[in-house]
Amino acid sequence: ICCEMGRYAEAPGYLEESLRTARILHEGRMVVSVLNTLGLAALGQGDRAAARRHCAEALELANSLDNKRGSAVAANALAQIHRLEGELDAAEPLYERAVMLGRELGDRELAAVGFLNLAMVAIERGSTTRARALLGEVLTIADETGSKRAGQSALVVAAGLAALAGDWEHAARFHGVAERQAETTGSR
């Protein structure tokens, strides 16, 4: 709850206690989940090194347990850290893995998150064609599933794509619509 509220400094105490309990009970899937959330809390506090450690451990454990959902979430989280640090070559295959696992699980929203993140990598690489194709995948998923979150996130990424193309008017419009949706839905 602390992480969802952006109260990242409060979260680690609760999460460390949860992690200890999950390890004592040998609940591997819960350990993976808590490690991913610890990574988010560390990232929220600006500690990328700790975030990387937690997410890497979560990914390794999830893979060893054949926990596909945990692997997808951990791969995405670890990729985010790589992307924030400008390590696009390390981030991209992790995002691709998250997409593949989302598809294997039949979880289109999970796949959409991976596509969005791959689109951001494409934008950072200056590849407008690839970014457009990936956004098309997200919009198809959002349309077919009715996912407002995927649609809203696609608008934010579309704003980045328009900015890359120097189309500032559309960048501002996409950003404004995304902000309006966030206000309406309470989803940021």
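A residue counts as exposed when its relative accessible area is over 50%, and as buried when that area is under 20%. With that in hand, welcome to these close-up views of a predicted model.

**View 1. D66 sits in the loop between helix 3 and helix 4.** D66 has a relative accessibility of 54%, so this residue counts as exposed, the cut-off being over 50%. Take a look at the backbone here too: phi of D66 is positive, at about 55°, although D66 is not a glycine. Most residues other than glycine have a negative phi.

**View 2. H26 belongs to the loop between helix 1 and helix 2.** The relative accessible area of H26 is 71%, which means that H26 is exposed. Its phi is near 55°, a positive value in a residue that is not glycine.

**View 3. Helix 7 and helix 8 pack against each other, with axes that come within 10 Å.** Helix 7 covers residues 128-145 and helix 8 covers residues 148-164, and their axes cross at roughly 165°. Helix 7 is therefore roughly antiparallel to helix 8, since angles over 145 degrees count that way. The crossing of helix 7 with helix 8 is left-handed. On the helix 7 side, you can find the contact at T128, A131, R132, L135, V138, L139 and A142. Helix 8 answers with A150, G151, A154, V157, A158, L161 and L164. Sorted by class, the contact of helix 7 with helix 8 has eleven nonpolar residues, two polar ones and one charged one.

**View 4. Helix 6 packs with helix 8 at an angle of about 10°.** The axes of helix 6 and helix 8 are 10 Å apart. The angle makes helix 6 roughly parallel to helix 8, because angles under 35 degrees count as roughly parallel. By class, ten nonpolar, two polar and two charged residues take part in the contact of helix 6 with helix 8.

**View 5. Helix 4 and helix 6 pack with their axes 11 Å apart.** The angle between helix 4 and helix 6 is about 20°, so the two helices are roughly parallel to each other. Helix 4 and helix 6 cross in a left-handed way. From helix 4, look for R69, A72, N76, Q80 and R83, which meet L110, V113, N117, M120, V121 and E124 from helix 6. This contact of helix 4 with helix 6 has five nonpolar, three polar and three charged residues.

**View 6. The largest nonpolar core has 50 residues.** L15, F115 and L135 touch the most other members of this core. Helix 1 (11-24), helix 2 (28-44), helix 3 (48-64), helix 4 (68-84), helix 5 (88-105), helix 6 (108-125), helix 7 and helix 8 each supply at least two residues of the core. Helix 6 gives the most, with nine residues. If you zoom in on L15, you will find contacts with C3, V34, T37, L38 and A41, leaving out residues up to four places away in sequence.

**View 7. H82 is a residue of helix 4.** Its relative accessibility is 10%, so H82 counts as buried. Not counting residues up to four places away in sequence, H82 touches R52, E87, A90, A91 and L94. One of these partners, L94, is twelve residues from H82 along the chain, and the C-alpha atoms of H82 and L94 are separated by 9.5 Å.

**View 8. E92 is found in helix 5.** With a relative accessibility of 15%, E92 counts as buried, the cut-off being under 20%. Beyond its neighbours within four places in sequence, E92 is in contact with L118, V121, R125 and R130. The C-alpha atoms of E92 and M120 are 9.9 Å apart in space, while these two residues are 28 residues apart in sequence.

Key:
Residues numbered from 1 in each chain as written. Predicted model: local features only at pLDDT ≥ 70, side-chain atom pairs only at ≥ 80, totals over all residues. Heavy atoms only, no water. Axes fitted to C-alpha atoms, helices over the stretch in contact; angles between N-to-C directions. Helix = DSSP H or I, 4+ residues; strand = E, 2+ residues; numbered from the N terminus. Parallel < 35°, antiparallel > 145°, perpendicular 65-115°, else oblique. Left-handed = near helix turned anticlockwise from the far one by under 90°. Contact = heavy atoms within 4.5 Å. Nonpolar A, V, L, I, M, F, W, Y, C, P; charged D, E, K, R; others polar. Core = buried A, V, L, I, M, F, W, Y, C linked by side-chain atoms within 4.5 Å. Buried < 20%, exposed > 50% of the residue type's maximum accessible area, 1.4 Å probe, protein only.
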